[in-house]
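Please open the model in a viewer and keep the selection panel at hand.

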Amino acid sequence: MKWDEFFVTGDPLIYGADVSIGLTVIGILFYLTYFKKWQWLWTEWLTTVDHKKLGIMYIASAVLMLFRGGVDALLMRVQLATPDSKFLDSQHYNEIFTTHGTIMIIFMAMPFLIGLINVVIPLQIGARDVAFPYLNAVSFWTFFIGAMLFNVSFVIGGSPSAGWTSYMPLAGNELSPGPGQNYYLLGLQIAGIGTLLTGINFLVTILKMRAPGMTLFRMPVFTWSALITMIIIVFAFPILTVALALMTFDRLFGAHFFTLQGAGMDMLWANLFWLWGHPEVYIVVLPAFGMFSEIISTFSRKTIFGYKAMIWAMIIIAGYSFMVWVHHFFTMGSGELVNSVFSITTMIIGIPTGIKIFNWLFTMYKGKISFTTPMLWSLGFIVNFVIGGVTGVMLAMAAADYQYHNTYFLVAHFHYVLIAGTVFACFAGLIFWFPKMFGYKLNERIGKWVFWVFNIGFNVCFIPQFILGLDGMPRRVYTYSAASGWGNLNMLSTVGGFLMGVAFLILVYNFYFSFRYSERENTGDSWGLGRTLEWSTTSAVPPHYNFAITPTVKSFDPLIQMKRDNVDLKPKIKDIKKIHMPDNSGVPFFMSAFFFIAGFGLVFEWFWMGIVGLIGVFITLIIRSFDPNEGYYVSEEEIKETERLTV
Amino acid sequence: MFKRFKPFFALGLLLSVFFLGGCSNYIVLDPKGPVAAQQKDLILYSIGFMALICVVVYVLFTVIVIKYRDRKNDDNYEPDQHGSKKLEIIWTVIPILIIIALAIPTVKTIYDVEKVPVSASGQKKEPLVINATAVNWKWIFSYPEQGIETVNYINIPKDRPVQFRLTSADSMSSFWVPELGGQKYAMAGMETKLYLQADHTGTFSGRNSNFNGEGFAHQIFDVHSVTQSEFDKWAKDTKSKAPKLSKKQYDQLMIQGEAKKMTFSSTHLKWVDHAKEADYAVKTRERLGEVPQNPHGSKQKDANKPESDTHGESHSH
Amino acid sequence: MAHAEVHDHNTPLEYQSETGRLNILGFWIFLGAEIALFSTLFATYLVLMFRTADGPTPHELFELKGVLIETFLLLTSSFTCGIAIHEMRRRNRKGLFTWMIITLALGAGFLGYEIYEFVTYVHEGAALGTSAFWSGFFVIVGTHGLHVTMGIAWITLILIQVARRGLTPQTSAKVFISSLYWHFLDVVWIFIFTAVYLTGMVLHNG
């Protein structure tokens with residue numbers, strides 16, 4: 001292998017990226033060394049098993065990935081703004097839309113939501129941590145290193161360019177030679193391990209670690225949504241694991257699962273991919289529903305309308321998510337009967353979703369709505385998500401889908417679902433629980449600017465794409481002719497895209513501004529309207545053990561009940577007992593480093609390196625198994641001091 | 001207060017203008033044949049329902065958000081109201097009814113578009129058969145009855161159904177002529193069938209709409225709809241005047257690349273049926289020394305450049 | 001982390017610690033994920049059943065005798081593993097060790113036969129890259145074999161821990177979990193025996 005094959009060469013954009021990555025790394029190293037932060041970084045963050053810190057690291061990585069995926073999106077929009085544009089060549093454009101899709105789904109949306117789930121769920125159910133704190137750290141680090149492995153592709157070796165769906169035989173050795181596609185396979189495989197472990201971890205946490213009195217039907221809607229999501233993860237992710245492994249065998253070891261030769265079957269990949277891929281859509285949208293439920297209820301000062309219907313709607317959606325995958329390829333010629341059946345199952349999903357929309361509306365009915373930024377994002381969600389929902393039903397009608405499929409109509413639809421659903425939820429949830437994580441709120445005035453600029457940009461970007469789709473513009477084309485007449489709408493769409501980019505920059509500025517100037521919170525109930533246990537902690541940012549005394553739950557919306565009963569949330573000295581907590585561990589960090597070595601080796605088919613990495617992974621597993629990991633106790637004195645209790 | 005929600009109103013207005021106003025300008029909604037017309041009808045029918053749903057939700061939304069915003073001296077506030085059987089039944093039953101109303105015509109159309117289309121005059125005609133084969137990044141069309149073959153364009157008689165037998169020599173592709181009807185995949189080792197018909201004469205553009213790599217954006221073809229007599233004349237002239245397709249020429253077409261329009265007086269069907277021999281193109285490329293190139297291995301790519309340009313007329317960049 | 005230790009002697013040792021209970025539940029859920037994983041592999045195998053291309057058919061190569069020996073070894077090992085857990089609950093460390101080591105030996109025997117079988121097939125012209133069918137065969141049977149290998153290594157490590165620390169709620173939970181895993185592999189093998197070998201032979205014969 002030559003150097004110019006190892007490093008991606010020949011494109012000024014890539015050189016620019018090389019330089020900026022180099023400078024950023026040097027900057028971070030300098031900062032850590034100059035301010036003597038290495039020790040702090042290691043003990044407070046890299047070895048932590050605290051669910052709140054892991055959650056924050058998930059969210060920080062997700063915001064970084066949002067930036068990366070967003071830059072990809074804007075590059076695409078620049079290329080498409082004018083007909084016959086020469087800004088990007090075909091190969092480069094194909095790589096960018098592939099990484100945009102993959103990163104946004106796997107390395108942005110999911111970790112963002114899993115991050116918020118990490119921070120909030122143990123607090124919401126009154127637990128000290130998750131069931132398996134160490135495993136939680138493994139989850140984070142495998143996700144993180146998977147994301148890094150995938151991202152490194154654009155400067156070393158070249159990015160995958162077969163689309164985030166990576167249909168075979170296109171993604172095979174014959175039509176996509178080189179390491180690019182291997183990055184996709186191994187990056188997702190490693191990150192997938194983390195996701196599966198998260199699924200198991202939170203299932204056990206929610207089933208077994210709830211505070212006394214919190215029965216299943218007293219759980220907050222967000223906790224319910226997390227529980228259901230984790231069940232989907234546990235059953236859907238193994239399918240992805242297998243699908244990726246089979247394609248890896250095809251590419252690296254000459255197997256014939258999906259290839260043109262050896263009687264392989266390309267349609268099998270499409271089926272396996274979407275058997276995971278469709279549930280994946282609900283994995284990223286159900287927690288969003290949960291968060292909106294919390295926020296809408298909180299800022300309408302009303303309990304959620306139709307609680308049980310909301311829960312059952314989510315359960316039905318989860319069940320159906322495994323029964324609709326064929327609608328991603330109605331055009332594969334599966335026949336009239338199959339298409340009819342899957343048309344109908346898909347449309348049926350609209351019913352529970354519709355029920356949820358009306359329940360949200362009627363949660364606000366006869367309420368007292370305050371228009372905080374989290375609430376604005378939730379209201380924006382309702383308005384925009386309806387468009388995503390109804391166009392989804394339109395796409396479900398197979399005979400009509402023959403005309404929408406592979407067009408910008410579809411692109412617009414899923415962005416209305418995934419941005420208005422997932423991304424709005426990520427923003428809303430981040431702002432809502434921000435004081436829980438950092439002890440101060442994000443500035444509301446700047447936050448409203450972010451909301452309006454983003455919202456307008458979003459609609460300006462994607463409404464034209466519905467029309468472009470109906471005008472026959474296929475997705476994933478890197479250019480189009482002037483004669484097609486698609487130029488003006490594309491230009492409009494690009495303008496909208498950049499407005500979203502501006503909104504992101506304002507959001508980043510808000511992080512800085514609020515860090516400098518925001519008032520520090522001094523109660524646990526930062527918004528003053530909290531309904532669930534996470535707002536019942538005594539300080540704004542809960543201590544590492546979360547609750548000095550495990551709360552007892554008497555009803556749904558437990559904090560509202562406590563407020564009505566005038567319960568004093570301050571713990572009594574006599575009730576304080578020492579608390580058992582798990583030890584920090586550096587093993588997950590090293591394990592992920594070995595995963596990186598293994599993955600990187602396999603990407604370039606340097607099998608010796610893959611084997612070295614895997615041996616390293618096994619060694620870390622053995623070290624962990626032999627570690628008695630007994631944890632430690634937080635002393636009563638320390639708790640009293642943290643809780644500022646005096647005799 | 002009203003001012004704050006202005007964008008939402010504007011959005012609704014925008015939507016209705018786009019969807020209901022400008023229908024006839026967008027090619028999917030401007031069909032030139034019975035299949036596309038059926039699909040257009042279904043689309044417009046569904047847009048009607050969807051617009052209704054949007055209106056209901058947006059009106060409710062607006063009223064609730066304005067009426068129940070946080071005000072002083074509020075006597076509406078009922079914090080304990082947490083459900084209503086009656087309301088919940090209403091908004092479960094209505095969506096079910098809507099789904100039924102959409103499902104029936106959907107299923108009917110799904111079955112209809114798989115049948116031989118009937119022309120506006122109501123008469124049934126024997127369909128013309130065309131084998132369409134996708135190869136990265138071109139379309140090869142064979143007329144088995146006429147014994148002729150074209151690349152990147154077809155002539156079809158108007159008012160007569162055409163049965164396309166779709167297959168692919170390599171990538172999964174999708175055959176789509178939006179003005180004539182919806183798309184269907186063309187896959188190696190498989191044959192799928194698609195019926196289309198043109199009610200008018202004219203030229204319609206078709207393409208592969210399923211992403212398949214570098215030349216994807218340019219994998220387009222023209223469909224010329226002509227009268228039956230013009231078609232017959234063209235077929236006859238082609239059979240007698242166009243050059244024969246040699247196996248060597250055909251194998252050159254198997255190499256990845258874009259191609260010009262071409263016409264031949266014989267078909268490739270006697271050598272290979274890609275629906276049965278999925279690896280023909282891959283093996284041919286191997287035989288011709290066309291090894292797959294890593295797009296980022298710049299040195300090797302340059303070294304091979306002049307060679308790949310010698311593929312002659314089958315290649316035009 | 002609440003550490004409610006239960007000291008009721010009717011509770012099995014492995015359920016006596018909170019972590020033990022959580023780990024066991026977590027592992028059951030993990031097995032659920034494993035079922036999804038193997039189901040996907042089975043579906044893949046069945047879809048590719050007749051795609052032998054130019055390669056040999058399973059009917060030509062599959063030999064019932066070897067497969068029956070493998071099945072016998074693995075089923076017996078599942079039984080001895082059950083006895084080992086029974087001995088553990090009686091707090092009989094020696095019994096646990098004896099039966100577990102027999103289990104591992106049977107597992108190793110199974111693996112030996114499987115490797116021999118694979119080598120034979122390769123010699124007879126059926127490898128991973130021969131055809132879609134053989135890709136499916138080697139990957140599903142190989143994945144199971146890999147699981148057995150990991151199981152042997154894992155149980156060995158746990159036995160070392162029991163030898164060092166004795167039978168505590170922590171170590172016995174580990175032994176119990178590894179036994180769940182072993183029984184699970186046995187169940188998967190029964191499906192492989194039926195869906196891969198028997199179906200492969202019968203359908204290709206017809």
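How much area is buried between chain A and chain C, and what percentage of it do carbon and sulfur atoms give? Select both chains: about 3100 Å² is buried between them, and carbon and sulfur atoms give 76% of this area. Buried area here is the accessible area, taken with a 1.4 Å probe, that two parts lose on being put together, summed over both.

This is a predicted model, in which local features need pLDDT of at least 70 and side-chain atom pairs count only at pLDDT 80 or more, while totals for chains, interfaces and linings use all residues. Residues are numbered from 1 along each chain as its sequence is written, chains are lettered from A and ligands numbered from 1 in the order in which they are written, and side-chain values use heavy atoms, with hydrogens and water left out.

**First stop: the side of chain A that touches chain C**

Next, select α7 (180-208), α8 (221-253), α9 (266-300), β1 (579-581) and α19 (607-626) of chain A, the elements that each give two or more residues to this side. Helices (H or I, at least four residues) and strands (E, at least two) are DSSP runs, numbered from the N terminus. With 9 residues, α8(A) gives the most. In total, 39 residues of chain A are in contact (heavy atoms within 4.5 Å) with 34 residues of chain C. Coloured by type, the residues on the chain A side divide into 29 nonpolar (Ala, Val, Leu, Ile, Met, Phe, Trp, Tyr, Cys and Pro), 7 polar and 3 charged (Asp, Glu, Lys and Arg); the remaining types, Gly among them, count as polar.

**Second stop: chain C**

Select residues 25-201 of chain C, which an unreviewed UniProt entry annotates as "domain: Heme-copper oxidase subunit III family profile"; such annotations may be inferred rather than shown by experiment. The span is 85% helix and 0% strand, and its end C-alpha atoms lie 38 Å apart.

Within chain C, go to Phe193(C) in helix α6 (residues 169-205). Beyond residues up to four places away in sequence, Phe193(C) touches Val67(C), Leu68(C), Thr71(C) and Leu198(C). The C-alpha atoms of Phe193(C) and Thr71(C) are separated by 7.6 Å, although the two are 122 residues apart along the chain.

Finally, select Asn443(A), in the loop between α14 (408-438) and α15 (444-470) of chain A. Is Asn443(A) buried or exposed? Asn443(A) is buried, with a relative accessible area of 18%.

Notes: Buried < 20%, exposed > 50% of the residue type's maximum accessible area, 1.4 Å probe, protein only.
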